[in-house]
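Hi,

Here is the structure I said I would send over. Have a look at it first, and then read on for what turned up.

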Amino acid sequence: MPARRRASASTFTMTGYHVGAVLTSILALVVAEDWHVLFYGGGAVGLLVVPLMWWRLPESAAYLAAKQEPEAERLRLRDLLGPRFRRVSIAVWTGSFMGLLLVYGLNTWLPQLMRSAGYPISTSIALLLVLNVGAVIGLVLAGTIADRRGIRPIARIWFGAGAVLLALLSLRIGNSVLLNALVLLTGVFVFSAQVLIYGYVTQVFPARARGTALGLTSAVGRLGSIVGPFITGALVTAGVAYPWGFWFFALVAALGLAAVLLLGGRSETVSGSEAAALQS
């Protein structure tokens with residue numbers, strides 16, 4: 001994608017995750033105890049998508065242009081932690097770790113956290129659906145605004161707002177409309193903050209290293225997706241999930257904000273041939 005659309009390209013793509021979460025939640029309600037249908041359906045759809053991707057997913061023009069550059073201008077894996085990229089690499093890895101910790105921690109444990117807070121089980125499950133609807137809305141908004149205003153300031157606002165909203169969820173809210181609105185807004189800001197980091201990575205790393213940079217950023221983030229459910233589960237087991245679970249998530253979002261604050265301006269790493277390709 002052209003540089004001017006990379007934020008929205010990343011966030012629009014990731015709406016698929018949350019649309020899938022919403023549809024799977026609905027399907028789970030329909031099939032009841034016949035849970036095998038969820039796995040058969042997901043596997044079949046995945047296979048059906050492969051021919052479409054093969055047909056309609058071309059190679060990046062920027063990558064093809066970068067292949068024509070001299071070998072000396074190509075980056076190696078260890079260069080991502082060299083003087084040129086060390087700070088940005090550590091910052092995006094940290095932001096991705098915190099962001100995916102929030103996504104998987106909340107998606108795994110939100111119903112149980114709400115039950116611990118005294119909400120009925122039906123309300124707790126419905127709030128997970130509301131959270132993911134908010135995530136879809138947030139991804140569309142975040143990408144569109146970031147393309148116009150820049151990824152860094154929007155990522156800072158999103159992580160900061162997520163921290164505040166998660167802290168507010170530690171309060172017992174008796175009004176159902178207000179509770180649903182708060183959870184919806186939490187989904188809007190929390191789940192799209194991490195995806196903005198992917199868009200940032202595609203801007204600061206040259207095409208020849210972009211796949212490696214994205215892969216490492218996602219890999220470190222997946223460690224967060226393991227840690228999040230584990231720590232929240234420990235809080236549930238200890239009987240202190242409410243309100244400590246929400247305070248923990250608010251702290252994680254604040255750490256994500258701190259990581260984004262370390263990011264500087266866009267690095268001048270795009271070569272002349274890549275810049276030409278990006279204009280096409």
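R148 is exposed, with a relative accessible area of 70%. Bear in mind as you look that this is a predicted model. R148 sits in helix 5, and in space its C-alpha is 8.0 Å from that of R4, although 144 residues separate R148 and R4 in sequence.

Helix 5 also has a packing partner worth a look. Two packed helices are described by the angle between their axes and the distance between the axes. For helix 5 (residues 121–149) and helix 7 (residues 176–204), the angle is about 50° and the axes are 6 Å apart. An angle of 65 to 115 degrees would count as roughly perpendicular and one under 35 as roughly parallel, so helix 5 and helix 7 are oblique to each other. Their crossing is right-handed. Sorted by class, the residues in the contact of helix 5 with helix 7 are 16 nonpolar and nine polar, with no charged ones.

Now for the inside. How many residues does the largest nonpolar core have? The count is 64, and M114 and L166 are the ones with the most contacts inside this core. At least two core residues come from each of helix 4 (86–116), helix 5, helix 6 (151–168), helix 7, helix 8 (207–238) and helix 9 (241–261). Helix 7 gives the most, with 15 residues.

If you want to zoom in on M114, leave out residues up to four places away in sequence and you will find that M114 touches Y119, S124, L127, L169, L179, V183 and F246.

Back on helix 7, T202 is another one to click on. Is T202 buried or exposed? Its relative accessibility is 11%, and the cut-off for buried is under 20%, so T202 counts as buried. Setting aside neighbours within four places in sequence, T202 is in contact with R6, R210 and L214. R148 on helix 5, by contrast, is exposed at 70%.

One last thing, about the backbone. Most peptide bonds are trans. The bond from Y242 to P243, however, is cis, with omega near 10°.

Cheers

Conventions: Residues are numbered from 1 along each chain as its sequence is written. This is a predicted model: local features need pLDDT of at least 70, side-chain atom pairs count only at pLDDT 80 or more; totals for chains, interfaces and linings use all residues. Side-chain values use heavy atoms; hydrogens and water are left out. Axes are lines fitted to C-alpha atoms, for helices over the stretch in contact, and angles run from 0 to 180 degrees between N-to-C directions. Helices (H or I, at least four residues) and strands (E, at least two) are DSSP runs, numbered from the N terminus. Angles under 35 degrees count as roughly parallel, over 145 as roughly antiparallel, 65 to 115 as roughly perpendicular and the rest as oblique. A crossing is left-handed if the near helix is turned anticlockwise from the far one by less than a right angle, and right-handed if clockwise. Ala, Val, Leu, Ile, Met, Phe, Trp, Tyr, Cys and Pro count as nonpolar, Asp, Glu, Lys and Arg as charged, and the others, Gly among them, as polar. A nonpolar core is a set of buried Ala, Val, Leu, Ile, Met, Phe, Trp, Tyr and Cys residues joined through side-chain atoms within 4.5 Å. Buried means under 20% relative accessible area, exposed over 50%, partly exposed in between (1.4 Å probe, protein chains only). Contact means heavy atoms within 4.5 Å.
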